[in-house]
Amino acid sequence: MRIEETLSAVGTGVWRWDTVTGEVDLDPEAVSLLGLPPDRTTTTAAEVRSRYHPVDYMEIKGLIDLAVSEGTLAEAVLRVVDEEGRTLRTVRGRWRPLGDGRVLVGTVQELVEPSPSSSSRGSPLPGAAAGTSPPSPLTSDWRLSREAFLLDAGRALAEAGSTDEVLRVAASLAMPGFSPDGMAVFGTEGDQLTIVGHQGYRKQDETPFRDIPLDSDYPAAVAIRTGRAIYLPSPEEYARRFPEAWRLAGRLGRRSWAFLPLTAGGRTTGAWMASFSHGTAFTPDERSVLTTVARMLAAALSRAHVQESERELSAGLQRTMMPATTPEIPGLEVAARYVPTGGGLDIGGDWYDVISLTGDNTALVIGDVQGHDVRAAGLMSQLRIAVRAYAAEGHHPDAVLTRASRFLCGINQLDPDSAGGAGGAYEDRRFATCLYLEVDPRDGRLVFARAGHLDPAVGLRDGTMRVRPTEGGLPLGIVPDPDYPLTVLRLEYGETLLLCSDGLVETGGHDLDTGRDRIREIFAAHAGEELEAIADALLDAVSGVHAHEHPGPHSERREDDIALILLRRTGRAAGAGQAGRNMHLVVTQDEQQRVADARHELRAMLHDWSTADQVDSAELVLSELIANVLVHTEGDARVRADITGPPGERTLRVEVADSDDELPHRRHPGELASSGRGVLLLEALSNAWGVEPRGLGKSIWFEMYEGEEYG
């Protein structure tokens, strides 16, 4: 009797499936069992799939994948249905992959008992296999639990950002029905097996397993070499298959082991061992779960390794771009920070620098190159070196920035990705904002030049912080020879200068105003602390664990690099006496827009003044006095404001001086007159006022007493 006749006599058909082309070859018996037309001995996988009950096919799909990945024999019970979905018969299918798993071969055999009508109650469920543990009556519930477990495991592993986090997640996985009580992850280093991490074992237990040759018969090494999983359901099986390795593993008290290769991107990078203190049969369902977890674990470890490599690379690159140390400056205290953005590589275009100049002077630089990519970081590094070189040549702040702008314009023209290069577009040009400051520690004199960067802020000894408007020009790289006017300020003893990039202000959904309010609030709470502690508090409030306590008004939580420099003038008077507040400002004839700066600075000084009406009145009177100088004289308005006294009893004194010696006098303007009310406003809105002749010019002053009525 021929083999075909023998198989037909026992109701068994054979088939061959090419998974690449989707073509399936069947013998006549298999065609008959699947209810296909007699001449359909070559068909498609889709047509064969349509002859199986949908629920059964979804169950065996995982078994097919498992058999392909492990190169093992698998079997399952399935229901064959007709075109209308009625069950025709129940069959048992068996299959095994050939070679590289591209082709599967198998058999299909009709089950006479139990009948199809009772198969749903008494027949083996899909996935039951010969030689495995009998299926539980709660198999369906177990599989639902398995799917929920795999979803949770996948989510947890996807969120792990480092190797340690991945190992912690893997150790905490509670698999449905057969959780391992020991696990280890092995990697490779050269031709040696290494232990990446383990759980459920003592530290000394790993000693015999260190530096095991990759060509040894240890199961983890074999799994890595072959790319196949190894299941050892009993100590006897372990000792029989791997006698040398058993001498090391036998003393650790486990009863079953699974060694699965960790394969990511087609490359096996390690192995995962799951061990059990009880006997485990490793049914197809259990092997399927372990295989799926191993794949997710391999992907998570690969991602973590890439992220850790990128962080290490970017951290090293950023360290080379920032000052290695901050020089000590007699009479001044400096604290500086840089925090990269959280997206992609942790590098960006923000930078700071502290440069020792000839004599006792020091230059502080803070800047921001457009973009958050490697190119921005590269331009930042070049620009930082250029600015440092120009400063070392002894140029004044305005000349340093002019040369830096010319330097960046030259890079944009040479760069093939920019407007000056072949095929570039205007939008590809990169610009940079920058603030360059030269400080004289002997008298606290600050000389600023600003290229489109944020204005500096000054924190007073009482915790008040206000923005100090400075003259500015275009960002670097827009035009080759821009003009940068200078601004001169004085830092008093105990005051703190804050320079920052826009990331400190706007990160977390803030705009310029609310971001500055956040900085003022944090500075006021930590004003009496060391400068390093203030820097840490600012960063923690913006991008640290307490960032959620200071939400911004905008739903888009913009993240950006942060560069920060704090400069405090120390010395004999830093902590002496009652802390006061003062403001010095010059409004020139050709810069009348600075009237608004003067109003904003005065309001910032009075941020905690107890009477809001007095704040509005002081702002109005100051604006009127400055306008009188600009309209009725040909000189500049020199503004000085001082606050003295304890809170609740403070005195505000504002002086506006000019070079004209004509004294103001009372006028009686009509209802439609557009001028002539300056003295009337002084009398009506201040507690006291006066005029003081000063050589070539005069000074008009007014005072307000906190909480007292005026007029």
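1. Helices here are DSSP runs of H or I with at least four residues, numbered from the N terminus; on that basis Val629 is found in helix 18. The model under discussion is predicted.

2. Overall content. The protein has 19 helices and 27 strands. Of its 711 residues, 48% count as buried. Among contacts between residues at least 6 apart in sequence, 62% join residues at least 24 apart.

3. Helix 17 against helix 18. Helix 17 covers residues 594-605 and helix 18 covers residues 612-632; they pack at an angle of about 150°, with their axes 10 Å apart. Because angles over 145 degrees count as roughly antiparallel, helix 17 is described as roughly antiparallel to helix 18. The crossing of helix 17 past helix 18 is right-handed. On the helix 17 side the contact is made by Val595, Ala598, Arg599, Leu602 and Arg603. On the helix 18 side the residues are Val615, Asp616, Ala618, Glu619, Leu622, Ser623, Ile626 and Leu630. By class, this contact has eight nonpolar, one polar and four charged residues.

4. Helix 18 against helix 19. Helix 18 also packs with helix 19 (residues 678-685), at an angle of about 155° and with the axes 10 Å apart. The two are therefore roughly antiparallel to each other. Helix 18 passes helix 19 in a left-handed crossing, whereas helix 17 passes helix 18 in a right-handed one. Helix 18 contributes Ser617, Leu620, Val621, Glu624, Leu625 and Asn628, which meet Gly678, Leu681, Leu682 and Leu685 of helix 19. The residues of this contact divide into six nonpolar, three polar and one charged.

5. Val629. With Asp658, 29 residues away along the chain, the C-alpha separation is 6.6 Å. Val629 has a relative accessible area of 4% and so counts as buried, the cut-off being under 20%.

6. Gln592. This residue lies in the loop between strand 23 (581-587) and helix 17. Is Gln592 buried or partly exposed? It is partly exposed, at a relative accessible area of 45%. Not counting residues up to four places away in sequence, Gln592 touches Val587 and Leu630. The C-alpha atoms of Gln592 and Asp636 are separated by 9.7 Å, and the two residues are 44 apart along the chain.

7. Helix 15 against helix 16. Helix 15 (residues 512-526) and helix 16 (residues 531-543) pack at an angle of about 140°, with their axes 10 Å apart. The roughly antiparallel class takes angles over 145 degrees, and helix 15 and helix 16 are therefore oblique to each other. Their crossing is right-handed. The contact brings together Arg518, Ile519, Ile522, Phe523 and His526 of helix 15 with Ile534, Ala537, Leu538, Ala541 and Val542 of helix 16. By class these are eight nonpolar, one polar and one charged.

8. Phe282. A backbone point to check is Phe282, whose phi is near 55°, a positive value in a residue other than glycine. Phe282 sits in the loop between strand 12 (267-276) and helix 11 (284-321). Its relative accessible area is 3%, so it counts as buried.

9. Arg155. This residue is found in helix 6 (residues 139-159) and is partly exposed, with a relative accessible area of 48%. Arg155 and Met296 are 141 residues apart in sequence, and their C-alpha atoms are 9.7 Å apart in space.

10. Cysteines. A disulfide is a covalent bond between the sulfur atoms of two cysteines. How many disulfides does the model have? Taking sulfur atoms within 2.5 Å as the criterion, the count comes to zero. Cys434 is buried, with a relative accessible area of 0%. Cys500 also counts as buried, at 7% relative accessibility.

Methods
Residues are numbered from 1 along each chain as its sequence is written. This is a predicted model: local features need pLDDT of at least 70, side-chain atom pairs count only at pLDDT 80 or more; totals for chains, interfaces and linings use all residues. Side-chain values use heavy atoms; hydrogens and water are left out. Axes are lines fitted to C-alpha atoms, for helices over the stretch in contact, and angles run from 0 to 180 degrees between N-to-C directions. Angles under 35 degrees count as roughly parallel, over 145 as roughly antiparallel, 65 to 115 as roughly perpendicular and the rest as oblique. A crossing is left-handed if the near helix is turned anticlockwise from the far one by less than a right angle, and right-handed if clockwise. Contact means heavy atoms within 4.5 Å. Ala, Val, Leu, Ile, Met, Phe, Trp, Tyr, Cys and Pro count as nonpolar, Asp, Glu, Lys and Arg as charged, and the others, Gly among them, as polar. Buried means under 20% relative accessible area, exposed over 50%, partly exposed in between (1.4 Å probe, protein chains only).
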